[in-house]
Amino acid sequence: MRPVTSERRPKPYAVIRALLRPLWRTLPRPALAAAGGLGLLLAGLPRLLSGAPDPWLCLNLLRAAGLCLALGLAFLFDDPARHTTAPVPVRRPLRGALRLALAVPVAALCWTAALLLVPGQARPPVGAVTLEAAATAALALAGASAAVRCTDGTRPGAAVAAGLTAVAVTVPTLLLPQRWALLVAVGDQRWADAHGRWAGLLVVAVAVVALCAPEPLRRGSVLRPRPRGTAPTTA
Amino acid sequence: MTVTVSASGLTLRYGGTAALDEVTLRLTEGVTGLLGPNGAGKTTLLRVLATAVPPDRGAFSVLGHDPSTTAGRQNVRRALGYLPQNPGFHPDFTAFEFVDYVAILKEMTDRGARHREVRRILDAVDLSEVRGRRIKRLSGGMRQRVALAAALVGDPGFLVLDEPTVGLDPEQRMRFRELIAQAGEGRTVLLSTHQTEDVAMLCHRVIVMAQGRLRFEGTPAELTAQAAGRVWSSAERDPAARAGWRTGLGTFRNVGDPPEGADLLEPTLEDGYLLTLDDASAEVAA
């Protein structure tokens, strides 16, 4: 079987259809399953406690569940075969997009289940808290795709997850001034402004994911412009 | 012979270090060996030619395709098989599944034809018996053959192999030599290695690199000839020798500039390689 020439290239949908099954198997399913399981456990905690559920506790447990899901997604672009499959004609952005397309519905399903586990009378506004979770997940994906684009590592997920955890623990609670608060209670007068900021974070994170989708940069070239007439790189 | 891969003035720097310094070369069909010490720039050169990293300066073409454009790069990749220095795998895949996955990434979408091709390649690298076994359960040599199969799938016209025999036992290395020799029939193979015996036995051309530059380009016989009259035997290590070691016979084999009346020995390719490197170091020092 001779290699495919440009004259008889397959249709993109044929490549996508053929790739779906093996790509599904390359997903970091143990990390995603552990993150999803822990997230559901946290979201379901209020049901296990006696007494009326506390809305403030439920909100924070949902936030923690969202963080867990995001930590799982931080492993999405881990690829031990990265260097073996570097110079192939199927481009990396397509592979990345397919991974996202496979993982995001599962994460969304998991998040929906987490929301439903919270007792209705203590459930925070679904749209707002989903925005927070989406922004957190997008930040994790932005970190993961930036790590792939700017380093040679095959498994940056653990480092990205650790970084995200550190940021989640320190930035909203210790480093952000009160007027830029992100984690506010339902009914707080800063609620709408905080969610404006969450929306901004989501947009920025999605933009970073998109910008980091192309072929990885060469080591040490993160801040260096690519020489004219040379192709982008892969690794 | 027709030139299939050509490069001129390839330069690539990592910070202040020139990994490639004005490298110009031409490859033809058959196996070309790439020798050099660690840090010589061999892997960088292979990664550039495999379109895994772009050069800072210079140009190259592979089988008539210019990789400086997106379309040209895609065409190079369609004609390329690449075995990196430390090939990684999805350990839960079987050998068949992994090679099949790489075949899809090489745009082979017809399932039946692709599976026939994967079976053919696994048979060629002698992995048919274990094709259903998970990669994490394969030996190091078998994994290396899975990586070679992944490089060979799709019958690429240009095969880039980065130290494929490292860590293999002698029997596995012999088997690999056989496979690489077969792969070199009708296609261009660039083989980076530290094993001078592999080059002596497999390659019709040899390139020696040091400090990012090409120091020698020619046939293995020509590289061996670099050491003609510069290898001698003595009862003690000759202090004038650039390298010398006691052999199994109890005498010393010295390489360098022999004294008058020295007992000259037949040089090997390794002697030629060592002297070429030594001459290159002396040139840099000067």
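The legends below describe close-up views of a predicted model with chains A and B.

This is a predicted model, in which local features need pLDDT of at least 70 and side-chain atom pairs count only at pLDDT 80 or more, while totals for chains, interfaces and linings use all residues. Residues are numbered from 1 along each chain as its sequence is written, chains are lettered from A and ligands numbered from 1 in the order in which they are written, and side-chain values use heavy atoms, with hydrogens and water left out.

**View 1. The contact between chain B and chain A.** Chain B gives 45 residues to this contact and chain A gives 43 residues, where contact means heavy atoms within 4.5 Å. The buried area, which is the accessible area (1.4 Å probe) that two parts lose on being put together, summed over both, is about 4,100 Å², and carbon and sulfur atoms give 58% of that area. On the side of chain B, the residues that lose the most area to chain A are B:Arg77, B:Arg78 and B:Leu105, which together account for 17% of what that side buries.

**View 2. A salt bridge across the interface.** The rule finds 1 salt bridge between chain B and chain A, a salt bridge being a side-chain nitrogen of Lys or Arg within 4 Å of a carboxyl oxygen of Asp or Glu. In the salt bridge shown here, the side chains of B:Glu97 and A:Arg25 meet at 2.6 Å, N to O.

View 3. A:Arg95 lies in helix 4 (residues 92-117) of chain A, with helices (H or I, at least four residues) and strands (E, at least two) taken as DSSP runs and numbered from the N terminus. A:Arg95 is buried yet has no salt bridge, and the nearest side chain of opposite charge, A:Asp79, is 4.7 Å away; Lys and Arg count as positive and Asp and Glu as negative, whereas His and the chain ends are not counted. Buried means under 20% relative accessible area, exposed over 50%, and partly exposed in between (1.4 Å probe, protein chains only). The side chain of A:Arg95 reaches the backbone oxygen of A:Thr85 at 3.2 Å, and among the residues that A:Arg95 touches are A:Leu19, A:Leu23 and B:Leu105.

**View 4. Two loop residues of chain B with positive phi.** Most residues other than glycine have a negative phi. B:Thr51, in the loop between helix 1 (42-49) and strand 4 (57-62) of chain B, has a positive phi of about 60° and is buried, with a relative accessible area of 5%. B:Glu107, in the loop between helix 3 (95-105) and helix 4 (111-124) of chain B, has a positive phi near 70° and counts as buried at 6% relative accessibility.

Terms used:
A polar contact is a pair of N or O atoms within 3.5 Å; within protein, one must be able to donate a hydrogen and the other to accept it, and residues adjacent in sequence count only if both atoms are side-chain atoms. Lists of a residue's contacts leave out its neighbours within four places in sequence.
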